[in-house]
Amino acid sequence: ATPTAVMVGTGVGASQGILIKGGQALENTHKVNCVVFDKTGTLTIGKPVVVNTKLLTNMVLREFYELVAAAEVNSEHPLAKAIVEYAKKLRDDENPIWPEARDFVSIAGHGVKAMVRNKEILVGNKSLMEDHNVALPIDAEEMLAEAEAMAQTGIIVSINREVVGVLAVSDPLKPAAQEVISILKSMKIRSIMVTGDNWGTANSIAREVGIETVIAEAKPDQKAEKVKDLQASGCRVAMVGDGINDSPALVAADVGMAIGAGTDIAIEAADIVLMKSNLEDVITAIDLSRKTFSRIR
Ligand code: ADP
Ligand code: MG
């Protein structure tokens, strides 16, 4: 393609809300034959809501959520926000004062830990519980399996290393997700999903959206590793993500595409920014690049 064609291509992109950071980014895009999607906030809406709670002690719901919210209010994670929102609704109070949390720690990809009312509260996934030697009662296991089968994320809560409840959070697919995957398939482009979420939930979401290859329980550097593995097996990879935890993978990919509504760090790490946050624009960007680079040769 001539420099003029590249300029026209990036200009057309910009006019459609697809910010292409330079000619190389546009050029790399037409060779893409694998697209790696982050799950949360990329394939899914990214605004999870609490849909179910199972208490395993005689604690009442309000009291349970007060403790959980006290710990989670310190976290920026979308799951934490969902939990705090739900706790507010239960209190029927937009600005509640939660009990004080001390020694708050956020454990990336696992959950949170804090001291509330002199008790240690853990909120997170199975790995978080395993790492703290918290045994999972059979009721909790069942609730987790049930949630995962319905593509929900199960979150475990323990007080002083004893499981007191499990809650389920739902984050539905974006309306366009299935169609985007099926159009990519028709373009001979393979779709792969990577997520920090657990295998059960990840597989359910992947089945729903029509993706066959799934990598779950992946830490940020493992997301980037997966991109490199695919490259080593002959894939030209576009990575699509929205979160801080996607930025190493966005950098590792041949083309990093950030969802515009995502975090600044992801936007910075990306080669292309989908300003309108539409998943369809992954296809628009590839089409645009193919038109710019394939036709003229
Ligand atoms: P994703 O790649 O889907 O954005 P993360 O790597 O951020 O996922 O998190 C992976 C998993 O760790 C979550 O699905 C959840 O089970 C657990 N987790 C992380 N942060 C929190 C939190 N603040 N509260 C509860 N669970 C959490
Ligand atoms: Mg995400």
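Predicted model: local features only at pLDDT ≥ 70, side-chain atom pairs only at ≥ 80, totals over all residues.
The donors of the magnesium ion, ligand 2, follow the spacing D-x1-T-x201-D along the chain. The two aspartates of that pattern come from distant parts of the chain: D38 belongs to strand β2, residues 34-38, while D242 sits in the loop between β11 (237-241) and α11 (247-252), and 204 residues separate them.

Let me name the donor atoms. The protein donors are D38 through OD, T40 through O and D242 through OD, and they lie 2.1 to 2.3 Å from the magnesium ion.

T263 is in contact with D242, G243 and I244, if one leaves aside the neighbours of T263 within four places in sequence. T263 itself lies in the loop between β12 (255-259) and α12 (264-269). With 29% relative accessibility, T263 counts as partly exposed. From T263 to D246 the distance is 9.8 Å, C-alpha to C-alpha, and the two are 17 residues apart in sequence.

I turn now to the sheet that contains β2. It is an open sheet of 7 strands with mixed pairing, in the order β1-β13-β12-β11-β2-β9-β10. Its edge strands are β1 (18-20) and β10 (213-215), each of which pairs on one side only. On average, neighbouring strands of this sheet are turned by 20° against each other, direction ignored. Within the sheet, β2 and β11 pair in the parallel sense over 4 bridges, and V35 stands opposite A238 in β11. Helix α8, residues 177-186, packs on this sheet and touches β2 and β9 (190-194); the direction of α8 makes about 165° with that of β2.

Which strands does α13 lie across? The answer is β1, β2, β11, β12 and β13 (272-274), with α13 running at about 50° to β1.

Helix α13 has a helical partner as well. In general, two packed helices are described by the angle between their axes and the distance between the axes. Here, helix α1 (residues 3-15) and helix α13 (residues 281-293) pack at an angle of about 160°, with their axes 10 Å apart. The two helices are therefore roughly antiparallel to each other, since angles over 145 degrees fall in that class. The crossing of α1 past α13 is right-handed. On the α1 side the contact involves A5, V6, G9, V12 and G13, which meet L288, T292 and F293 in α13.

The model also contains another open sheet. This one has 6 strands with antiparallel pairing, in the order β3-β8-β7-β6-β5-β4. The strands at its edges are β3 (49-55) and β4, each pairing on one side only. From one strand to the next, the twist averages 15°.

Strand β4, residues 101-107, is joined to strand β5, residues 111-116, by 5 bridges, and the two run antiparallel. A101 stands opposite V116 in β5. The hairpin of β4 and β5 has 3 residues between the strands, and G109 there takes a positive phi near 75°.

The next step is from β5 to strand β6, residues 119-124: these strands run antiparallel and are joined by 6 bridges. G111 stands opposite G124 in β6. Which residue takes a positive phi in the hairpin of β5 and β6? That residue is R117, with a phi near 50°, in a hairpin that has 2 residues between the strands.

Strand β6 then pairs with strand β7, residues 153-159, in the antiparallel sense over 4 bridges. L122 stands opposite S158 in β7.

Helix α5, residues 78-91, lies across β3, β6, β7 and β8 (162-170), running at about 70° to β3. Helix α7, residues 138-149, packs on the sheet and touches β3, β7 and β8; the direction of α7 makes about 10° with that of β8.

How values were computed:
Residues numbered from 1 in each chain as written. Chains lettered and ligands numbered in written order. Heavy atoms only, no water. Pairing = 2+ DSSP bridges. Buried < 20%, exposed > 50% of the residue type's maximum accessible area, 1.4 Å probe, protein only. Contact = heavy atoms within 4.5 Å. Donors = N, O, S within 2.8 Å, 3.2 Å for Na, K, Ca; no water. Axes fitted to C-alpha atoms, helices over the stretch in contact; angles between N-to-C directions. Parallel < 35°, antiparallel > 145°, perpendicular 65-115°, else oblique. Left-handed = near helix turned anticlockwise from the far one by under 90°.
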